[in-house]
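Good morning. I will go through one structure today, starting with the DNA and then moving to the salt bridges. Please have a look at the screen.

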Protein chains: 2
Amino acid sequence: MDAEKLLKKQQLKVTSQRKAIIRVLQNTDTVLSAHDIFSEVIKTLPGINFSTVYRNLDVLLSKGIVCRITPESGGVLYELRREDGHHHHVICKNCGASIPLEYCPMEDIQAKLMEKGFTPTEHRFEIYGYCEKCNKGGELNEPF
Amino acid sequence: MDAEKLLKKQQLKVTSQRKAIIRVLQNTDTVLSAHDIFSEVIKTLPGINFSTVYRNLDVLLSKGIVCRITPESGGVLYELRREDGHHHHVICKNCGASIPLEYCPMEDIQAKLMEKGFTPTEHRFEIYGYCEKCNKGGELNEPF
DNA sequence: CCTCCAATTGCAAAAGGTTTGCATTTGCAT
DNA sequence: ATGCAAATGCAAACCTTTTGCAATTGGAGG
């Protein structure tokens, strides 16, 4: 779906800034920091402000258009939410590639948690490592 | 194990600051922010500096004495590592209680990842929700 | 017990990332 | 075409974490 439709679907105003941000996310299969996104967006939209990027990432996140990922190593990363419904990610520490994962571990232990009286509301499951490409190639580009 | 033994075991110098930090972590079953830890430590060790807390949390983390947790909501939290070996956490969003979990989802999908050519190096699995106590009680104290 | 050195600490300043207030601009419903 | 709420740019504030440096301290070795 193109950026404009995505925004209208969520009843968000269609601004050039929002479209640019979404396009950046659409044109990559890697996870990006707010800074990464800003650096890309400013190429097509000189003059866009950092706070606009931050504000819009928050909006897009709250509308479910993007996902937010916080690696152990620190920082916050974003990616377009491409799949409907619940899913997890496998992320390459070398190139940042993000691979969606169907599998969800919650099913396996939901019952056990309830037994203990714990009511789960959210969970996170992320896998980090090296993708097929980076496993082989050898040289490390922009690790994080 | 007491703080001093814990430090000596890892061949770290035993300082009053380190002991105080560890004791704070030993006296709770909840996850704490660096700020939380500082606020507690300063009660028993007036004059301790924030940077000392940060530096030591890093040291303790690298020695495996503490765990670091980064909730979706942001921020960085620490807890004493009480279990040997690999484990995950169930965390109460209300009181911060941290419950260790034996179950690890990696076993279930390790093979599938390798098939795809992905080499996992780290992963995280955390569950957030409300513990038995907070489920019932009702009032919310220090949510995060 | 004393001495000495590397490790640790306190302090202050800087760095880094993110948020906020406000005036201006812009999308879009009417 | 018009008006208004929403979005943006800008600058400053904020908060958390890191860093350089001088002073202090733990503990190994004498």
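How far does a polar side-chain atom of A:R18 lie from a phosphate oxygen of DNA strand D? The distance is 2.9 Å, which falls within the limit for a polar contact, a pair of N or O atoms within 3.5 Å (within protein, one must be able to donate a hydrogen and the other to accept it, and residues adjacent in sequence count only if both atoms are side-chain atoms).

Some housekeeping. This is a predicted model, where local features need pLDDT of at least 70, side-chain atom pairs count only at pLDDT 80 or more, and totals for chains, interfaces and linings use all residues. Residues are numbered from 1 along each chain as its sequence is written, chains are lettered from A and ligands numbered from 1 in the order in which they are written, and side-chain values use heavy atoms, with hydrogens and water left out.

Back to the DNA. The bases are approached too: an N or O atom in the side chain of A:S51 is 3.2 Å from a base nitrogen of DNA strand D, and for the side chain of B:K13 the distance to a base nitrogen is 3.4 Å. There are 19 residues around DNA strand D, where near means that a heavy atom of the residue lies within 4 Å of the strand. A:T15, A:Q17, A:T52, B:V14 and B:Y54 come nearest.

Now the salt bridges, each a side-chain nitrogen of Lys or Arg within 4 Å of a carboxyl oxygen of Asp or Glu. The whole structure has 12 of them over all chains. One is between B:E102 and A:K116, with the closest N and O atoms 3.9 Å apart. Both residues lie in loops, B:E102 in chain B and A:K116 in chain A, so this pair joins two chains.

Buried means under 20% relative accessible area, exposed over 50%, and partly exposed in between, with a 1.4 Å probe and protein chains only. B:E102 is exposed at 55%, while A:K116 is partly exposed at 38%.

Another salt bridge pairs A:E122 with B:K93 at 2.7 Å, N to O. Here A:E122 is partly exposed at 38%, but B:K93 is buried at 15%.

Last, A:R124 and B:E126 form a salt bridge at 3.9 Å, and both are buried. Through shared partners, A:R124, A:E126, B:R124 and B:E126 are joined into one network.

Methods
Helix = DSSP H or I, 4+ residues; strand = E, 2+ residues; numbered from the N terminus.
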